[in-house]
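Please report on the local features of this model. Cover surface charge, backbone geometry and aromatic contacts.

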Amino acid sequence: MIVTFAHMGNLWIVVKTILEDLGVEVVVPPRPSRKSLDLGVRHSPEFACFPLKLNIGDFIGGLERGAEAVVMVGGVGPCRLGHYAQVQEQILRDLGYRCEMIVLEPPRGRLAELLAKVRYLTGNKPLGRVWRAVRFGLEKLSALDTLDQALARARPLERRPGRVEDVHRRAVEAVAGAADVRAVRRAAAEGVRAIEGCVTPEAAGDGAAVLRVGLVGEIYMVEEPFANQELERRLGRLGVEVRRAVYLSDWVRTHLLPNPFRLRRRCRASLVRRAAAPYLGHFVGGEGLVSVGESVLLSREGYDGVIHVAPFTCMPEIVASSLLPEVSRDLGVPVMSLFLDEHTAEAGLVTRLEAFVDLLARRRAALGAGVRPPAARGTAGAGT
Amino acid sequence: MAGQHVYLGIDVGSVTTKIVGMLPDGEIAGAVCLETLGQPARQIMRGLTAVGEALSRRGTPVVAGVGTTGSGRNLAAALVGGDVVKNEITAHAVAALHQVPGVRTVLEIGGQDSKVIVLRDGVVVDFAMNTVCAAGTGSFLDRQAARLGLDIREFGRLALRSTRPVRIAGRCTVFAESDMVHKQQVGHSVEDIVAGLCRALVRNYLNNLAKGKDLEPPFVFQGGVAANAGMVRAFEEALGHEVIVPEHHALMGAYGAAILAQEWREGRGVSGRRSGRDEAALTRFRGFDLRERDFRTSAFDCDGCPNECEIIEVFLDGALVARWGGRCRRWERDTAVPPA
């Protein structure tokens, strides 16, 4: 059985590693592109959200390359993503693909069910063997997040704009190809060194002058550069260091692993809940609560601004975006909400990003000049 | 007064192209506003020549810096030799601050977009611009004026004569138009319809664009639509406060770009990335008469990946001066003007 799955940032490397380690043949669909997006848009309901359309494009890409089964991730909570696995399955059936669909529901702590699904995929390999493969995959995921973080720090300071991206890509390839845990760690350490080597020592001293922006929002839009129109790269070029509030390895620790393995993350999760509490007291689906809580935390941690990104019509993030102006006002941190989908015009996005960065830079310059820091006023950028 | 230093500001919008020549003390010494007509490059060259002539009347202009803004800012910078390339929001905010130093809210409505900018203590703290819908922008007003057989310049004066503005559905311009047709057929006067339209557009602007923003006076209203007295009054009624329309309201983007060029030249620019050129601060300006030069743009589809990006190349006298449009680095080159 040849298996395919949808892209989400670096996730493909992890899924491929785990499945191949267990002897499952895998077809990785081409990276999301305008072509796969066109396919997804053509075959999805117009009002479905952006991630679904991109997933459909990926699945078709994988099936056309010979996959016989599709692995899908089910959603969490009241957001529409909860039934998207079924919608996606129906769309593929209607298109005439005779493939097996395996839906992995996040187990909310019940790891056994998830492992059972993975075992089924692998032709009932012993549970211990499956667990070892998963651990190996997660090792790669952590390494990839570390590389992404190093890239985000180096981008605003590099000598020749763009070179660090090539260095980063080579490091990602090295991690992807690593055969065991030790090789993964070595590749990651070497990658971080190479990325840091793209920054001149003088520039590194300027680190404190770099604007820092936190990225919050719906997890797929945060993680997948094609979906968010290369937000991190664009901001890096504008001289901004971007930190995602949630990296994939954090997300996996929170949602997929049983308690003992997410102790550290749990601390953050309860911090997030407490930080969000004055604005939002309960789970609203997806990352809505996290977007609010992380915006508060990032602001307390001294970030210059927060960018909130979500797919157009995303319910949990609409809830968050209606609360963020208050967060912004109370804490004096500028927040910009971006709702993106296939209709987003690049020029408008670029203008708003540049204006937001100018806003942060001029605000910080005013602070530096001893001028009373002007308080931020609500969320910037949105509009019809 | 030979050798007069000037800063040029160029604002290439969707509908009009504005060029301003500014003296170091902030005075506007020459300005033109041309329709972009879908031919931004040609209009930039024409406008530049005209501004050059206007400036020459006050002594030989020595250009010390060039700022560009508007949706065509990269093209303008590549063509003219721009030193600072800035988004419209920053340019408009900077210009408004120079005209009305304590400004706290900038309302801007141009040919195809509208913005609201909130400032406190001279710093932008919040902004929004329309992204999906061009409802209530200059193009729409132009079209409605034409449909009513009015000169756009009469439009505002007519609105002021209204005693009982009609309520018009303003959420969507398509529906606004059908509602206007209906109101005409029912027999309302043109004055009342025009005034009602102004109110509907202001309502739409405040409810959508400015939703959730703290709008505090002083208010400055700029952009081409600020020439419309009916819109000014509708804003004043809705906000319950006087709205200031600066003298050069239609040129504010270009004016702001010129001010930013001056800040850059004097090393006062605030930017996210250090450009490395700041110390020398020698302008890239190519001269006022570009019409003699051979300027071309061409486009091709990249075949490197399934994104098939459309790559635009800009040539001056046969030499490649700029290239953009790619999602990745494949076609990047150093001559492209970096964002300031």
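## Surface charge

A patch of negative charge on the surface brings together A:Asp38, B:Asp301, B:Glu308 and B:Glu310. Patches take residues with over 30% relative accessible area and no salt bridge, and like charges are joined within 9 Å. A salt bridge needs a side-chain nitrogen of Lys or Arg within 4 Å of a carboxyl oxygen of Asp or Glu. Asp and Glu count as negative, Lys and Arg as positive; His and the chain ends are not counted. Each charge is placed at NZ of Lys, CZ of Arg, CG of Asp or CD of Glu. Areas come from the Shrake-Rupley method with a 1.4 Å probe; for residues, only the protein chains shown count as cover.

B:Asp301 belongs to strand E11 (residues 295-301) of chain B. B:Asp301 counts as exposed because its relative accessibility is 56%. The classes are buried (under 20%), exposed (over 50%) and partly exposed in between.

## Basis of the model

This is a predicted model: local features need pLDDT of at least 70, side-chain atom pairs count only at pLDDT 80 or more, and totals for chains, interfaces and linings use all residues. Residues are numbered from 1 along each chain as its sequence is written, chains are lettered from A and ligands numbered from 1 in the order in which they are written, and side-chain values use heavy atoms, without hydrogens and water.

## Backbone geometry

Most residues other than glycine have a negative phi, and most peptide bonds are trans. B:Pro217 and B:Pro218 are joined by a cis peptide bond, with omega about 0°. B:Pro218 sits in the loop between helix H7 (190-209) and strand E9 (219-222) of chain B. Helices (H or I, at least four residues) and strands (E, at least two) are DSSP runs, numbered from the N terminus.

A:Gln229 is not a glycine, yet has a positive phi of about 55°. It lies in the loop between helix H10 (219-223) and helix H11 (231-237) of chain A. A:Gln229 is buried, at 9% relative accessible area. B:Asp317 also has a positive phi, about 50°. Its loop runs between strand E12 (310-316) and strand E13 (319-324) of chain B. B:Asp317 is partly exposed, at 43%.

## Aromatic contacts

Rings of Phe, Tyr and Trp (its six-membered ring) pair if their centres lie within 6.5 Å; planes under 30 degrees apart are stacked, over 60 edge-to-face, the rest tilted. Over all chains, three aromatic pairs are counted. B:Tyr205 and B:Phe235 pair edge-to-face, 5.2 Å centre to centre with 85° between the planes. B:Tyr205 is in helix H7 and B:Phe235 in helix H8 (residues 229-239) of chain B, so the pair ties together parts 30 residues apart in sequence.

Key:
Patch = residues over 30% accessible without salt bridge, like charges linked within 9 Å, V, L, I, M, F, W, Y side chains within 5 Å. Buried < 20%, exposed > 50% of the residue type's maximum accessible area, 1.4 Å probe, protein only.
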